[in-house]
Structure formats: structure tokens, C-alpha cells
Amino acid sequence: MSMLSAIQNRDIDHHLHPYTNAVKHQQIGPRVIERGEGIYVYDDQGRKYIEGMAGLWSVAVGFNEQRLVDAAARQMEKLPFYHTFSHKTHTPSVELAEKLVQLTHGRMRAAFFTNSGSEANDTVIKMVWYYNNALGRSQKKKIIARNRGYHGVTVASASLTGLAPNHRGFDLPMPQIKHVTCPHFYREGKEGETQEAFATRMANELESLILSEGPETVAAFIGEPVMGAGGVIVPPETYWDKVQAVCRKYDVLVVADEVITGFGRLGTMFGSQKFGIDADIMVLSKQITSSYLPLAAVLLGDKVHSAITRYSGELGTFGHGYTASGHPVATAVALENIRIIEEKGLVENAARVGEVLQSCLRALSDHPLVGEVRGTGLIAAVELVADKASRRPFDPIGKVGAAVFETAHEHGLIVRGIQDSIAFCPPLIITEAEVRDMVARFADTLEDVSTKLP
């Protein structure tokens, strides 16, 4: 960027940004996004970008859905805030809880609301501990997550997250959290190993960890149906079946983190449907409101809900909650957002147009920089490598990915660089023509970067 504007300088002076190198930010300043329209956003210089990441994996219905604005305004006029503590409630939260349970076709029993996925997964840890205390199992408290999994950034949820940048400098993870191998066959598979054998090895690794820690100490296993921030990792077909069988064998709860995959992203309402995950707990956020307002939900199956309910009676309360748990404006917006997803057939659109996205990206597989193209529905990643045959990554890892991320802006495209994997997760309203445009812009970006590499 050239000379910084007044708003950029004010931002540098007074705003500490998440997931940002603060020293670099002082040097280059922010890109100021002013408005949105459909799958596009515009900066303060009038430049137009395809938002290929739906913001942060999250804007299902696009960036100017008037129905959500109206739903928020109506609720603000009627009841702008009320809490759900101590036997109080309000209609939007009741209706949303009921709707979410209905969407799981009876697999879940009740919803608990938070403001973010991080808070929701923090809440899950507390619920899992509370549940086992209710059953008199005071030692059964460890939770197993995966390397490269992403579950949030609070002290507890960042411990579940299996990414080094979320641990470095923060004294994380907590000792009760353990991690197993990321189910990424391209990177973790052994020579000559089939995907089926790889899935079996992943399940055996989980079982070995449970046995070495002691089954009486392991409470839950958490995973995203498709891993998002770790690089859009789609597990082998039988992975989830095998992992769940291990969990059931040792009475380990299965937690499906659907913060990214929920509400249609994979071409099914929930990722659990796509992979046959019969979770005890589900976590939802992001597309629940298309991120127009902060909201997340923890859905509890009957077994966990019944135990927590009973134990709260013994202790006198379930002593957990947030000021804005079930905020009436956020839950009203979520209800309208889900109506739009259903009425416009956006889950089906993700399945149909998602096939176009996957095939268009896979058409780039012969490019000398492309190592692997992976994804399902309207989420995908292209992993860039220094050598295709050996799958050798660039050195240093992430430099080329960062170059693609920056250069894409020049082609009117916003993507995400995850080390050297370039992620795509456009709004669910995207059309086939817009997908082809998005991939064409990415191909041009790739060519630009290729010509600059030594």
C-alpha cells in the first residue's frame, strides 16, 4: 500500500488486531473494508473483491441481506436485550433452541448459547467435566483433540486447538488436553499405505493414547468433521467410523465441532451428516447468523443433558453462563438466517455449486506449484509445494502462501493463506458463474506469483 490514510493511521495508533503481526501492521497499515454486496466487499478506495472466505468461513447469505437487518431492527425495538439466567427467557432463544434441535432430527436434546465458537468450546470442556462429576467419575477429565485442529482461542479452547501459533507465547496447551495426528493423508500417510489403512492407523493411535493415559481418565474426543483453519483437511472416508468405534469402546464422549461445517457448508445441513458422526455434543457458530451478530450454540444429546440437569439440582445451579447467552437480537437474526438458508436452498446450492468449485480447482492440479487440491462442498484448499513429485514444501514454509494471499488482492480476490495452503470458503449464495470467476482470478494470481519465484 502507498501513503496511509487518516483512518489507517488511527487504526495503527489505537487498534491491536487479532491474528496479526503488530510490528508489520504498523509498517503497512490495514486494508479498510467499507461495504458489502452479495459475495463482494469493497474497500475505502472503491476496489471490489470476491470474498472467497465468506469473511471468516462464516457469511452464508452474503454481505447485504436486508432480511437480517430487518430482523435485528424489529427485535431491537421490541426487546433489545434480556438475559436467560435464573429462570428467565424470551421467545427468540426458545424458538432457536427448538429449531436447532429439530434440525438434528432428534439426535440432540437441548441448546446452550454463547457468543462465539471459542466460548462454546470452552463451555464444552466445563460441561464434560461437570458431566463426569455428575456420574461420580472425578478422574475422567482429559480431552483428546487433533494436531492442526482449530477450536478457538480462550485458554481452554486454544488448548484444544492443535496449532503452534495459538500456543506460542501463551503457555498453552493445558495439561488435561492431549493431541493425536491430523488425519491428512497427503502429509501423514506412509509410502504404500491406502487411505483405509491410514484411517485404521489413526484410530489405533487414538486407542493407544486412551490406553496409555488410562480410559478412566479420558472424557472426550473433539474434532471438526472437515478441519478448517488447519488447512481444510478432509479425512479418509472411514476415519470417523473408526474413531467413533474407539470412543464408544472406552465411554469417551464424541464432540463434533461444526463451527465451520454447520448450516450447509459441505452440502449437508451439518458436517456430521456427511461423515456419519453420531455426536454426544455439537458446537455451532459462524453461519448460524452469517456472522451478522456474534452467536454460538452447544447442542447436547440426551445422555449429557440429563446428567447435567440432574447434577444442577443436586448442586443448586448450573453455575455457568454469559451476560449475552441467548441474546434476543442475535437469536432473532439466527432464526431469520436459517429461514433464508432453507427457503433459498443454500444447502443444496453448496452441494451443486460445490462440485463446480472442486472440479475447477482440481483442473489446476497440473500447475507446477500445486501439490494437492482438497475439499468438499463449498470449502477447499490448494496446497502449494516446491516439488510435486516429492511433495517437498517451500522453505521457509508460508512465504509463497503469503505472496499468493497478498497478490490475490490485486486480482480482486480475498482468500486465506494457511502456511502454503490457499483456502476457499465463499458465501453459500455463490453461483456457478461466480465460482468460475473466483477460480480464474486465483489462477491468474498463481501465475503472477510463479513468475516472481527464484
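Residues Val400, Ala403, Val404, Thr407 and Ala408 of helix α15 meet Phe442, Thr445, Leu446, Asp448 and Val449 of helix α16, contact being defined as heavy atoms within 4.5 Å. Helices (H or I, at least four residues) and strands (E, at least two) are DSSP runs, numbered from the N terminus. The model is predicted, so that local features need pLDDT of at least 70 and side-chain atom pairs count only at pLDDT 80 or more, whereas totals for chains, interfaces and linings use all residues. Residues are numbered from 1 along each chain as its sequence is written, and side-chain values use heavy atoms, with hydrogens and water left out.

The axes of α15 and α16 are 9 Å apart, and the two helices pack at an angle of about 125°. Axes are lines fitted to C-alpha atoms, for helices over the stretch in contact, and angles run from 0 to 180 degrees between N-to-C directions. The pair α15 and α16 is therefore oblique; angles under 35 degrees count as roughly parallel, over 145 as roughly antiparallel, 65 to 115 as roughly perpendicular and the rest as oblique. The crossing of α15 and α16 is right-handed. A crossing is right-handed if the near helix is turned clockwise from the far one by less than a right angle, and left-handed if anticlockwise.

Strand β12 (residues 379–384) is joined to strand β15 (residues 421–424) by four bridges, and the two run antiparallel. Within this pairing, Ala423 of β15 is the bridge partner of Ala381, and Phe424 of β15 is that of Ala380.

A second open sheet contains seven strands in the order β4-β10-β9-β8-β7-β5-β6, and its pairing is mixed. Its edge strands are β4 (110–114) and β6 (177–180), each with a single partner strand, so one side of each lacks a neighbour in the sheet. The twist from one strand to the next averages 20°. Five bridges pair β4 with strand β10 (residues 296–300) in the antiparallel sense, and Thr114 stands opposite Ala296 in β10. Helix α12 (residues 302–315) packs on the sheet, where it touches β4, β8 (253–257), β9 and β10, and its direction makes about 95° with that of β10. Helix α5 (residues 91–103) lies across β4, β9 (281–284) and β10 and runs at about 125° to β4.

Two further helices, α9 (residues 195–213) and α10 (residues 239–249), have axes that come within 8 Å and cross at roughly 20°. This angle makes α9 roughly parallel to α10, and their crossing is right-handed. Among the residues of α9 that meet α10 are Ala199, Met202, Leu206 and Ile210, and those of α10 include Tyr239, Val243, Val246 and Cys247.

In helix α1 (residues 6–14), the buried residues are Gln8, Asp11 and Ile12. Seen down the axis of α1, these residues fall within an arc of 100°, so they line one face of the helix; the arc is that of the directions from the helix axis to the C-beta atoms. The buried residues of α1 pack against α2 (22–28). The face of α1 turned away from its buried side carries the exposed residues Ala6, Arg10, Asp13 and His14.

Terms used:
Buried < 20%, exposed > 50% of the residue type's maximum accessible area, 1.4 Å probe, protein only. Pairing = 2+ DSSP bridges.
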